[in-house]
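My entries follow the display.

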Amino acid sequence: MALVAIVATALVRLRPVAQVEAEYLVFGSRARIVVQTRDRESAETALSAIGRKLADDHRRWHAWEPSELTRLNEALARGQSREVDADMAEMIRHAQRGYDLTDGLFNAAAGKLIGAWGFHTGDYPVRTAAPAAPRIEQLVAQAPAMIDVDVHGTTISSRNPAVSLDLNGLSEGYASLQAQRVLAEHGLHDALVYVGGFVLALGHDRGADWEVGVRGPKELLGTVRLRDGEALSSSGDYLRRRTDGGGHIVDPREGRPQRRSAATTVLADDPVLADMAATALMVAGEPGFDRLLARMRLGCALLVTSDGRLHLTRGMEARLRDIPVGLPRTVHAGAGMDCSVATRR
């Protein structure tokens, strides 16, 4: 039997490298995975398993259709605790970390505010009327926050019945980690995982770093070569908007859609942190850009303001190629030239 296994392995190694791809509709956008491998059968099996996992995530994490998350929020509103699965408990712990690192700019507990503005929908642009000022003031005064959430193993409770969890701001990063685990279980280590505006690079593209584009509000801002384990998370208000002009990212401090930023991108080796940081930078805007970079120890990030000016760190400038000629830009120190945030794990 050992000899048969050795021969089978040798035959796989003699096959040419093939590119195997799959695409999925999940989280209101598209996910796509590109695998480089000599073992097409294993790749196809893994991609099918990932498709099932993502479909299950979509059902369990949905913020407004009946789901495990909506049932949790209903329990929290009644002042009750609820048992959740291990993935959701881990995501909530990540969300608590994001809240702490961003001083509340990333606040997954503010789901009622997001829903009040009509963003619990898959139909854009949002045409519903904006919430009345007293309603906004009430939701802000209730101060739902991730520090109000207690996680004991997989049991979730909250001291504040106004907490309503919305995990969309980290779902893409977390789902990419799930995909990475499935690929590794099947012996696949060279892949590019796209989930909405998020990309995770694994291994190499036929021996080279993976090259991806960085999207801006109107055009590509350039390209980046991603190394093994690096994630590129982009957030923007140019696709999911209201007819009155407000984008889908709500500032939890003001209770209104932020209007400072048009797009952000974060390059880091922590997928979930990168996902949360891209959202937080949208809320911080140019006035809070430097402070949040230092707080989160981000070396590679950029922000496009609502009037089209580009702000980027020295680390991101060194990695970003083919920046459009004439695009006004300001370079910030950031947390140095290193894109790694491994010390934050």
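Entry on disulfides. I counted a disulfide wherever a pair of cysteine sulfur atoms lies within 2.5 Å, and the count comes to one disulfide. The partners are C300 and C339, with sulfur atoms 1.9 Å apart. The angle about the S-S bond is -75°, and the link of C300 and C339 is left-handed. I took helices (H or I, at least four residues) and strands (E, at least two) as DSSP runs, numbered from the N terminus.

Entry on the source. The model is predicted: local features need pLDDT of at least 70 and side-chain atom pairs pLDDT 80 or more, while totals for chains, interfaces and linings use all residues. Residues are numbered from 1 along each chain as its sequence is written, and side-chain values use heavy atoms, without hydrogens and water.

Entry on burial. Are C300 and C339 buried or exposed? I read buried as under 20% relative accessible area, exposed as over 50% and partly exposed as in between (1.4 Å probe, protein chains only). C300 is buried at 0%, and C339 is buried at 7%.

Entry on helix α2. Helix α2 (residues 40–61) has 22 residues and reaches 31 Å from its first C-alpha to its last, close to the expected 32 Å, where the expected span is 1.5 Å times one less than the number of residues. Its buried residues include L47, I50, L54 and W61.
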